[in-house]
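Please look at the sequence and the model first.

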2 protein chains.
Amino acid sequence: MATLNDIGVAAAINILTAFAFFLAFAMLRIQPVNDRVYFPKWYIKGLRSSPSVNGSAFASKFVNLDLRSYTRFLNWMPAALQMPEPELIDHAGLDSAVYLRIYLLGLKIFGPIALIAFTVMIPVNWSNNTLEHSGLTYSDIDKLSISNIPIGSHKFWTHLVLAYGFTFWTCYVLKREYEIVAAMRLHFLASDQRRPDQFTVTSISVTSFIRESSLDLINKVLVRNVPPDPDESVTELVQHFFLVNHPHHYLSHQLVYNANKLSELVNEKKKIQNWLDFYQNKYKRNPSNRPSLKTGFLGLWGNRVDAIDFYTSIVERLSRDICGEREKVSSNTKSIMPAAFVSFKTRWGAAVCAQTQQSRNPTTWLTEWAPEPRDVFWENLAIPFVFLTIRRLIAAIAFFFLTFFFMIPIAIVQSLANIESIEKALPFLKPIIEVKIIKSFIQGFLPGIALKIFLLFLPTILMVMSKFEGFISLSALERRSASRYYFFQFINVFLGSIITGTAFQQLNHFIHQSSSQIPKTIGVSIPMKATFFITYIMVDGWAGVAGEILRLKPLIIYHLKNSFLVKTEKDREEAMDPGTVSFNTGEPQIQLYFLLGLVYAVVTPMLLPFIIVFFALAYVVYRHQIINVYHQEYESAAAFWPDVHVRVVAALIVSQLLLMGLLSTKEASQSTPLLITLPVLTICFHRFCKGRYEPAFARYPLQEAMMKDTLERAKEATLNLKGFLQNAYIHPVFKSADDSDSESESEWERSPALVATKRTSKRFTPMPSKDGGSLLSLDQVNDECLKP
Amino acid sequence: MATLNDIGVAAAINILTAFAFFLAFAMLRIQPVNDRVYFPKWYIKGLRSSPSVNGSAFASKFVNLDLRSYTRFLNWMPAALQMPEPELIDHAGLDSAVYLRIYLLGLKIFGPIALIAFTVMIPVNWSNNTLEHSGLTYSDIDKLSISNIPIGSHKFWTHLVLAYGFTFWTCYVLKREYEIVAAMRLHFLASDQRRPDQFTVTSISVTSFIRESSLDLINKVLVRNVPPDPDESVTELVQHFFLVNHPHHYLSHQLVYNANKLSELVNEKKKIQNWLDFYQNKYKRNPSNRPSLKTGFLGLWGNRVDAIDFYTSIVERLSRDICGEREKVSSNTKSIMPAAFVSFKTRWGAAVCAQTQQSRNPTTWLTEWAPEPRDVFWENLAIPFVFLTIRRLIAAIAFFFLTFFFMIPIAIVQSLANIESIEKALPFLKPIIEVKIIKSFIQGFLPGIALKIFLLFLPTILMVMSKFEGFISLSALERRSASRYYFFQFINVFLGSIITGTAFQQLNHFIHQSSSQIPKTIGVSIPMKATFFITYIMVDGWAGVAGEILRLKPLIIYHLKNSFLVKTEKDREEAMDPGTVSFNTGEPQIQLYFLLGLVYAVVTPMLLPFIIVFFALAYVVYRHQIINVYHQEYESAAAFWPDVHVRVVAALIVSQLLLMGLLSTKEASQSTPLLITLPVLTICFHRFCKGRYEPAFARYPLQEAMMKDTLERAKEATLNLKGFLQNAYIHPVFKSADDSDSESESEWERSPALVATKRTSKRFTPMPSKDGGSLLSLDQVNDECLKP
C-alpha cells in the first residue's frame, strides 16, 4: 500500500507532466503556423483568416518571434474563463455550454462535501489507532479513512449523518442544476435571436449545415414508417395524410432519399482527389520528374503508370458515376424512404403533431421532433418498427457479451501473439527477435497491445452498436453510446479494480452470492483501493486533460496534410480537424469521477481534493477548447441532461449501498435501517425530478409554442416560411452541389383544403393530387450535373 | 401426499357442492319474490318491472307454482351463452364484455396446451419408474409429473421443447387477443351508436349517470393542477388559458367543487331516512303501538323518545344543513378545486389537448382524458403534484409492509385472543367458556378468525391505499388495487404455499440466498405442491364460482330491506344491490389460475383440466351474472387490458424461471442456456406488444378523431354540442336534485377569439372576461333548495 509519501511523489510526477503539456501547448499555440490547429473554431466561424495576410516577414508567418508573448504562457486560462455564458451559447451552441456545466456541477457538489469531510470526518477517523494495533500493514491514507474506526464504534454515527448530509446536498445541487438547464433549454428553443448570427457564417464546406435556422427545430416534425400504399407515392401519401389530419397547420414536406450509395461514391471521390492533389503537388515542386505508380496491391507490383493521369481518370469516372447515381436516386421511386420531414405553419401545429399519435396503428406514421438537419443520421430513417425491437434485443445481447466476455478474445489473441508462435509463423524474423532487447520488449509489449487496441476502439464499437439499433440522430447515438460506455467502465474499471478478476468471473461470483452479500463484498474492498484510484485520477484525469489541450494528433496530421495535399485556401480549411466535444467518451469519464467522489466521500475523504482538482482543470481546459477549437457537429439543445442527471443519481445510490455493505461488516448493523431509507429517498427524488423536469427535454409545451407563434405573427406577418424551410433537410451529398435557393414555389398549400371526407380507407385523397415541392430541389441538383 | 383417489374424492365433494349451489340457485331464481335479486340488471335498464303487475293469484307473486319450470333448472346456462358479443356490449358495456374475454383467454391458452401435454408429456413421464425405485413416498399424480423422470435423463428435452411450444402458443394467443381488444376499444370509442340506447334509460336514482353520452369520453379533457393566481378566479384562469392556447377548439369548461362534506351529509341523511322509513313502516303495521327509542349509545340507554318524531327532526335538520352546505359550496370560491373539465368543439381538439404538454412547468395544467362522469373519483381531483410523489412513496412502503409483515399484527391478535386472556379480561364468561365443546370451538376458531377477517378486508384496505395515492377515476383505483392484490396473492398464496413460512421469512431467506439459488429452491418444491393446488382450485375456484351465482348475501339483505324499509316502488329499486363485476378482486383471482396453469403446464400437467373446468364454469357463471345481475358502475372502455396482458406475461416468465430452477437440480443443466433465452424472448414479445398495442389504451389517434369529426359535421351540422355537454360533469350530490337541462347558454364561445397577445406573464386575458357557464348549473341546483 502506498504511503502519503508515495502519493506525494506520484502527484508531483503527474503535476510536472501536466505542467510540461501546458508549457508545450503555450509554446506551440503562439506559432502562427499552428494557428489553424489551436484556433480552428475561429476560422470556421470566419472570424480569423490565415496569418499570411497580415504577416510582414516571411519567418513570422511560421514562427512567433515576439519574445514577450512567451512570458505570458498561461494567459489562455483567464481568457478561457472570461467569455460569459450567453456569449458562449451564441458562439458554440447550448450543447457545449451545458456540457461545461457538468464540470461545474462536479465542483459544486464536491467543494462543500470536501470541506465538511475534512473538518469533521478526518479528525474523527484520525483520532483512533485501530490500524496501529491491528498488526496489518497500512498506509497513512488509511489512517484518515473509515478503516481506522474500531469495529462496533459509535463513531460510525458521524459517517451515517454525513452520508445523509452529502446525499441531501447532492440532490439539492442536482435539482437546482436540472431546473437551470431545463430553463436554458426552453429559452434556447424559443429564442430566434440566434438566427441572424448563424446566417453570417461565411465558411463553406465544413459548415454548410450551420446555415439552417433554429426555427427548423421547432417547426418541423419527422414522420417515419409511412405505411406503403400501392396506389399512391410516398409524397402523395404524406401530403394527403397531413392535409386531412392537420388541415390548418400543414405547410409542406420534404422526402427522404436513400442516398447511402451516393454518399459512399462521394467519399471515395474525395479520397482519390486527395491522392491526385498529392501527386500534382509533387509534380509542381519537381517538374522534371513526373510521378508514377504501380497499379497493384499497395503499389507494390503491377504495371507502372503515370500517377496524375491514372488518378485523373478515376476521378472522372467517379464523377460520372456520382451523376448517374444522383439521377437514379431522384428518379427512382424505390430510393424514396417511407419517411418525411413535415413542416408546419405554426410551432403550435408542429408541437401538436410531434406529441400525438397519428394513426390507429401506433407503429405507423410515427411522428417526433425533427432533429436539427446537421443532427440527422440519414441511414436509419427507414427501419420498420418490428425490426427496431429485434435490433434493440440483438444490440442488448451483444453489449452484454461485450461487457462481460470481452477478455476472452483478447486472451486468445494474447496467447497466439507470443514470441514462439511468431517465430513459427515467420521464421525469417527469428534472428531479429532473438536479440535480447527486442525480445523483452515484445514480451512486455505484446500482451498489452491487444487490450489497448480494444479499449481504443471501444467507443467506435459502441457507436456502431448504437447505429445498428436504429437511432435517427447523431445526438441520440452519442447519448446511447455514452450510457453504454459508462456501464462498461462501471463494470470493468470501477468494479474490476475493486474486485480483481474479469467481469465474467465477477458476474458468476455475484450470481452465486446472496444479494445482501454483494454490497458487503464490494464495500469491504473499497477503502483498500483508495490509493489506486487516487493514482488513476492523476494519470487519467490530470495528465489526460492536460494532454487534451496539446492536441498532438491533430497537430501532426494537419502539418502532414498541409505539406502534401493543400493547394488552395479551401484545402487548408479542410485539412483542419477541429474535432468535437465527443459526448460519448467525455461524459462517461466525468461520470466515473462522480462515482468515485460519491463513493469515497464518506469512506476515504482524502480522495476528494484530487477529484476537485480534476474538475477544475478539466473545466478550464474544455472551456478553452470549446471556445477555440471544437467544431459543433450538431445542436441537440442539451437533450443529454436527463442522462447526466440519472447517472449521478445512480452513482449516489451505488455509494449508499456500498456504504451499507461496508458498515454491516463493521458491526454497525443498527445503522442498516437508516441506510436503507437513503436509497429509497434518493429514488423518490429521482422520480420527482423525472416528472418535474424531464418533459422539458422530450416535449414542447403548447403555451410556449402559442406565445412564440403570436409574437412572430405580430412581428413579421409576411414571412415566407415555406421558402425559408424549403431546403433544410436534404441529404448532405446533395447539399454540396446545391448552394442556390429557390423561392419560387407553387402556392397551393397556402389555402388549406378543408375536406369533409367520409372515406375510412387507407387512401385519403382530398383534392387532385399535385406533385409536391419536395422533388423540386433534387431536380435542381440534377441540373448541376448536366451543366458542361 | 394425496393419491389419485383422494383427489377423486375431493373432486366429487366439490362437484357436489357446486351442484348443490346451482340447484339452490335454480330453485330460488324462478321464485318471483327473488326476481329483483337475480335479475336486477333488467330492472335497472327499465326492461322489467315488479311481478305484481302480471301476477294473477296472490301466492304466485311470491312462489313459483309452475312445476314445469323446475325441471329445466339448468336452462340458464345456454341462455347465458346465447347473447352475442355486440349485444352484450350494448347491454352491459365494453368493460364487462372484455372482462369475460379473460376467461375465454384462459380457455384458449390452456385448451390446446392441455391437449398436447396429455398426449405427449404424460406418456413420457409415466414411462419411467424413478419414484418406485427411489423409496420416497409418492402419489399417482407424481407418477404423471416431471418428478418421475430420472436425473440427467434425455427425456427432459421433451419438457424443454414443450416449454418453448407453450410459450409460443401463449404469446400468440395473447397477441391476437390484445389486437382484438384494442380494435374493440377503438371501435367502441368511435361509435356513437350507443348514444340513443343510453338515452332511453328510465330508472332514476341508481343510474342517473348513465345518461351521459359516450361523446363525453372523447370530447372532454380533465385539466388538473391549475396554478393559483391572485388576480383571477379558477374559472377565468381556465377559460383564458384555453382560449389562448387552443383558440379554435375550446368550447367550454366545468369547474370541480369540493363537495366532500356535502356528500357526507347526503349520505348521513339517507341513512337516517332509512331508519325513519323503518319506524314508519312499523307504526303503519301496528298503529296501536307508536315506536320509541333511547337516544344514547346503540339505543341502550338515554331518554326514551318517540322514534318517528326523533328521526323526522334529524332528517329536517340534515336537509337544512345540506341546503346550507350546498349554497356554501357554490358561493365560496375556496370550495372550487384547481381542476376543471374542459370541453372541445371537436374530438381532434380534445385529442390534441389530452396528449400534449400545456405549460412550461409540466406539473401544472396537467391534461388527460376525462374519465367517464360515472368513473370520476371526485375527492382526488385537487392533489398537487409534489404530494402525489410523496403519497405514492408512502403507499408503496405501506404496501410493502402489508405484504411482508401482515402476519405480525395477526399473530399478536391471535396470541391475545386465546382462552386464558379472555378468561382474565372477562372473568364472568369463565363458566361458559369452560364447557368443553365451546372451549374446543374457540380454540379451533379464534386463531383463524383474525386472519380470515384480515383477508376479508384486504381488498378494502388496498382500495383505501389506492385512493390515498390520488388516482382520479374509479377504474384506475380498481386497476391499481387489482395489481396490488395480485402481488399479495403471488407472495402469500403462491410462494407462501410452495415455501412454508411467512412472507417475511421468505424475503429474509431470499435476501441471504444467491439469486441463482432462488429459482432452484422454489422450482424443486413445485411438483410436490401440485395436489395442494388442485384442491385449492376446486375449493376456491369451482365452489367459489358456484357460490357467486347464488348471491346469498344480497338475497338476505334484499329480503330484510324489503320487509322493513320499502314503502314505494322506488325504495324497492334502491333496496336491490346488483353489485358490480369488481375487477379489483376478480381479476387477480383469475390471474392466479393463469399463473398456476402456466407453472404446472410442463411440471404436472394433471393440474390443467381442473383449471380448464374453472375457466369454463366461471365464464358461464359470470356471463350470466353480467347479463342479469351486475350493474355497471363505470365504463373505462377496457382500459384494464394492458394490465391483464402484462400479468399473464409475468406469469409466463415466472413459470420459465421456475422450470429453469427445477431442471438445474435434475442435472439437466445443459438445457439452461436454452431456458434463459425463453424469458429474454418473452420480455421482447412484451415490449413489442407494449409498443404496438398499448397506445390504443392511453391515447386517441388523431386520424380517428378527424374522421369522426368530419363525419359528424357532415351528418349533424347544427348539433348544439355545448348544451349537450353542459351538465355532464357535476358531482353526484348535485345531480340528485338537478334533473332539468338548460339549453339557453350564451353563445359567445362560438366565435373564437383570435388574440395576438404578446404577454408572457401568467395571466392571459385575451378579451373582457365573462363569467363562464360553469356556475350556472350549480345556481339552478341551489334554486331547488329555495323552493318551498
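Does Phe387(A) count as buried, partly exposed or exposed, and at what relative accessibility? Phe387(A) counts as partly exposed, because its relative accessibility is 47% (buried is under 20% relative accessible area, exposed over 50%, partly exposed in between, with a 1.4 Å probe and protein chains only). This is a predicted model, in which local features need pLDDT of at least 70 and side-chain atom pairs count only at pLDDT 80 or more, while totals for chains, interfaces and linings use all residues. Residues are numbered from 1 along each chain as its sequence is written, chains are lettered from A in the order in which they are written, and side-chain values use heavy atoms, without hydrogens and water.

**Surface patch**
- Phe387(A) lies in helix 16 of chain A (helices are DSSP runs of H or I, at least four residues, and strands runs of E, at least two, numbered from the N terminus).
- Helix 16 (residues 385-405) of chain A gives the largest share of the nonpolar patch, four residues.

**Two chains**
- Chain A is superposed on chain B by a rotation of 180° with 0.1 Å of shift along its axis, at RMSD 0.1 Å (least squares on the C-alpha atoms of residues with pLDDT of at least 70 in both).
- That is the relation of a two-fold axis.
- Ser514(A) comes closest to the rotation axis of the residues of chain A, at 1.7 Å (C-alpha).

**Positive phi in loops**
- Asn225(A), in the loop between strand 1 (220-224) and helix 12 (234-245) of chain A, has a phi near 50°.
- Asn225(A) counts as buried, at 9% relative accessibility.
- Ala637(A), in the loop between helix 28 (607-628) and helix 29 (641-665) of chain A, has a phi near 55°.
- Ala637(A) counts as buried, at 2% relative accessibility.
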